[in-house]
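Trainee: Hi, could we go through this model together? I have a handful of quick questions.

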Amino acid sequence: MSTALLNAENAQKSHSVAARVPVTVAYGDGIGPEIMDATLSILEAAGAQIAVEPIEIGERVYLAGNSAGIEPSAWESLRRTKVFLKAPITTPSGSGYKSLNVTVRKTLGLYANVRPCVSYAPFVDTPHPKMDMVIVRENEEDLYAGIEHRQTDEVFQCLKLITRPGCEKIVRYAFEYAKSHGRKKVTCMVKDNIMKMTDGLFYQVFEDIGAEYPEIQKERYIIDIGAARIATKPERFDVIVTPNLYGDIISDIAAEITGSVGLAGSANIGEHVAMFEAIHGSAPDIAGRGIANPSGLLLGAVQMLVHIRQADIAEKVHNAWLRTIEDGIHTPDLKGERTTKEVGTGGFAQAVIDRLGQKPQHFAAVRYANPVEVKAQKPLYTRAAPAKKHIVGVDVFLHHTGNTPDELGVALSGLSTDVLKLQMITNRGVKVFPGGFPETFCTDHWRCRFVAIQESAEVTHRDIIEVLTTVTDAGFDVIKTENLCTFDGERGFALGQGQ
Ligand code: NAD
C-alpha cells in the first residue's frame, strides 16, 4: 500500500482534514499496486486534497472464495465516498468468477464510460499525429448483462439487452459532454443493419435526442467500418457514442494507436457515484518489474480531480505530465526516436513531480474548470405511458435431433391448436421450413414460430400454454419460449432470415 498519501486514519490527525475529500482506492492486481503508488505520489506532491480509503478487490478476494471479487465492507466505503480510484484487477479464468469491473459499474449505476484517446506526436510514436477523440461507451447493458445459458448439446446463448432508458441516458450524456467540452461532432456507431431492433433503438434515440442539439454535427457509422476508420483515419472523429461491447473494443484500438494502451484513462460516471481507472488491464506479463506506464491511471485520476472540484490540481498534474512526455522521459512502452531517458514506473512519477508547476512547450497547456452545478432541465429518463400490447403468437425453441427440417415442420404442423398454428421454423435464425434449402447447416436448436390462425385474434397466455402442452405431450424438448407481441400496433419481433 502507498505510504505517499495520508490514508483515512492518518487524515484524521491532519490539521487540513476538513478540506480532504474521501476517495475509495483499490490497488488491484498485477501492475496495479505499482501504478497506483506512482499516481498517488504525484497527486500528493501536487497538493491534491484527498483522503485515501483503501479497499481490497480482485484476485485475492476471488481466490479467498468470494466469487464477486469484492467484500461487503468495500461496498460500504464506495457508497459513502461516492468516488472510486481503481487500479486494474485480474479476473481469474473459469466460469465461477464474475467480472468485478462489470459488477461495480452496474451495481453503482455507472452508465457512462468516458475514454479520451489523444496522440502525443512527435514525442510518442504514432501513425496518427492528429488524434483527439473521446469515446463515450454505454456501460451497463448490451451483451455485458451476463445472461448466458447452454440450451442444447450444441448451442449456447448470451442475451443482448438494449433498453430505452440505457440508450437515452448514454446518448444525452454524450451530447452534453460534447456541448460542455466545446466538441463539434458526435458520431454514433452501431450495427443496426443487422440488429434492427436493439441497435436500431440505440440509433433512433441518437437521432431523437441529437435533434435537441442543432449546434452539434451528427453522423452514423456501422461499427465495422467505423472501427476500420478509427484505425486508419482517427483524426476525423471527435466524440463517439456506442453500445457497450463496441465501445470496449474501439477504445482499446483507439488507445493503442495513440502509441500505447498504457496512455489512456477513463471515467465511469453514474448519477450517484463515479469511478476512475486506466483502460488497460493488470498486465501480468510485466507485473513486479517496475516498468509499467502509470499514465493511464494518472490521467484517470486527473478526471477524478476535476470531478471532485480540484480542477487547479488536475491542471497542474496534467501539464506536468505533458511536459514529461515532451522532455522524452518515457517508460519502455513509449520508447521511440524522441525518448531521451528511459525510466521505470517510479522514475516516471518522479519526473512528473519534478515538473509540477511547469507548462508544456510544444502541446497546448491544458485548462480545467470545476464543473458547474447545472440543474438538469430534464431528468435523464422519464418513463412513457405503457404501449398497448397484444400477443400475436409465440416462438417455441426446441432441442431436437434426428429429423430433417421438413420432417420436423410436418410433425409440428400437425400440432396446431384451435388458436395457434405453425408458421415457420428457423435454425440459427434462418428459415428452414417451409421451403428451406438442403445446403443450410442445421444445429440441434430450432425456433418454431406459432401464430394466430385468425390474424385479428387476440392470443392469451393460456393459448400459449396449450400449444406448449401439445408440443411437449408429443415428446418434444421445449427449452424456452418468446412471446410475439405488437406494441401500439407495431411489430415487436424480427422476421426470420429468409421469411
Ligand atoms: P492488459 O491491458 O493487461 O495487457 C495487454 C498488453 O498491454 C500487455 O502486453 C501489457 O504488458 C501491456 N500493457 C498494459 N498496460 C500497460 C501499461 N500501463 N504499461 C505498459 N504496458 C502495458 O490486457 P490483458 O493481458 O488482456 O489482461 C490481463 C488481465 O487484466 C486479465 O485478467 C483481464 O481480465 C484484466 N483486465 C482488467 C481490466 C480492469 O481492471 N479495468 C481491464 C482489462 C483487462
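Trainee: What should I know before I start?

Mentor: This is a predicted model, so local features need pLDDT of at least 70 and side-chain atom pairs count only at pLDDT 80 or more, while totals for chains, interfaces and linings use all residues. Residues are numbered from 1 along each chain as its sequence is written, and side-chain values use heavy atoms, with hydrogens and water left out.

Trainee: Into which domains is the protein chain divided?

Mentor: Domain 1 covers 3-354 and domain 2 covers 389-491; the bounds come from an automatic or database domain assignment. The centres of domain 1 and domain 2, taken over C-alpha atoms, are 44 Å apart. Six residues from domain 1 and six residues from domain 2 take part in the contact, where contact means heavy atoms within 4.5 Å.

Trainee: How much area do domain 1 and domain 2 bury between them?

Mentor: About 620 Å², with 52% of it on carbon and sulfur atoms. Buried area here is the accessible area (1.4 Å probe) that two parts lose on being put together, summed over both. On the domain 1 side, Gln151, Thr152 and Glu154 lose the most area to domain 2, together 61% of what that side buries.

Trainee: And how many salt bridges or polar contacts are there across that interface?

Mentor: Zero salt bridges, taking a salt bridge as a side-chain nitrogen of Lys or Arg within 4 Å of a carboxyl oxygen of Asp or Glu. Six residue pairs, both at pLDDT 80 or more, are in polar contact across it. A polar contact is a pair of N or O atoms within 3.5 Å; within protein, one must be able to donate a hydrogen and the other to accept it, and residues adjacent in sequence count only if both atoms are side-chain atoms.

Trainee: Stepping back, how many helices and strands does the protein chain have?

Mentor: The protein chain has 14 helices and 20 strands. Helices (H or I, at least four residues) and strands (E, at least two) are DSSP runs, numbered from the N terminus. The C-alpha atoms fill a box of roughly 80 × 50 × 45 Å along the principal axes. Of the 499 residues, 51% count as buried; buried means under 20% relative accessible area, exposed over 50%, and partly exposed in between (1.4 Å probe, protein chains only).

Trainee: Let's zoom in on Arg447. Where is it placed?

Mentor: Arg447 is in strand S18 (residues 445-452). Its side chain makes polar contacts with the side chain of Asp395 at 3.0 Å and with the side chain of Thr426 at 2.8 Å.

Trainee: Why does Arg447 count as buried?

Mentor: Because its relative accessibility is 13%. Also, the C-alpha atoms of Arg447 and Phe397 are separated by 4.5 Å, though these residues are 50 apart along the chain.

Trainee: Which residue meets Asp395 in a salt bridge?

Mentor: Arg449 does, at 2.8 Å from N to O. That pair links distant parts of the chain, with Asp395 in strand S15 (residues 389-399) and Arg449 in strand S18, 54 residues apart. Asp395 is buried at 4% relative accessibility, and Arg449 is buried at 1%.

Trainee: How many salt bridges does the rule count?

Mentor: The count comes to 23. One of them joins Lys335 and Glu342 at 3.7 Å, N to O; Lys335 is exposed at 55% relative accessibility, and Glu342 is partly exposed at 41%.

Trainee: New topic: which peptide bonds are cis?

Mentor: Among them is the bond from Ala121 to Pro122, with omega near 0°; Pro122 lies in the loop between S4 and S5. Another cis bond joins Phe433 and Pro434, with omega about -5°.

Trainee: What about Ser119, where does it sit?

Mentor: Ser119 is in the loop between strand S4 (112-118) and strand S5 (132-138). Ser119 is buried at 7% relative accessibility, and its side chain reaches the backbone oxygen of His128 at 2.8 Å.

Trainee: Last one: is Arg428 buried or exposed?

Mentor: Exposed, with a relative accessible area of 56%. Arg428 is found in the loop between strand S16 (420-427) and S17, and its phi is near 50°, a positive value in a residue other than glycine. Most residues other than glycine have a negative phi.
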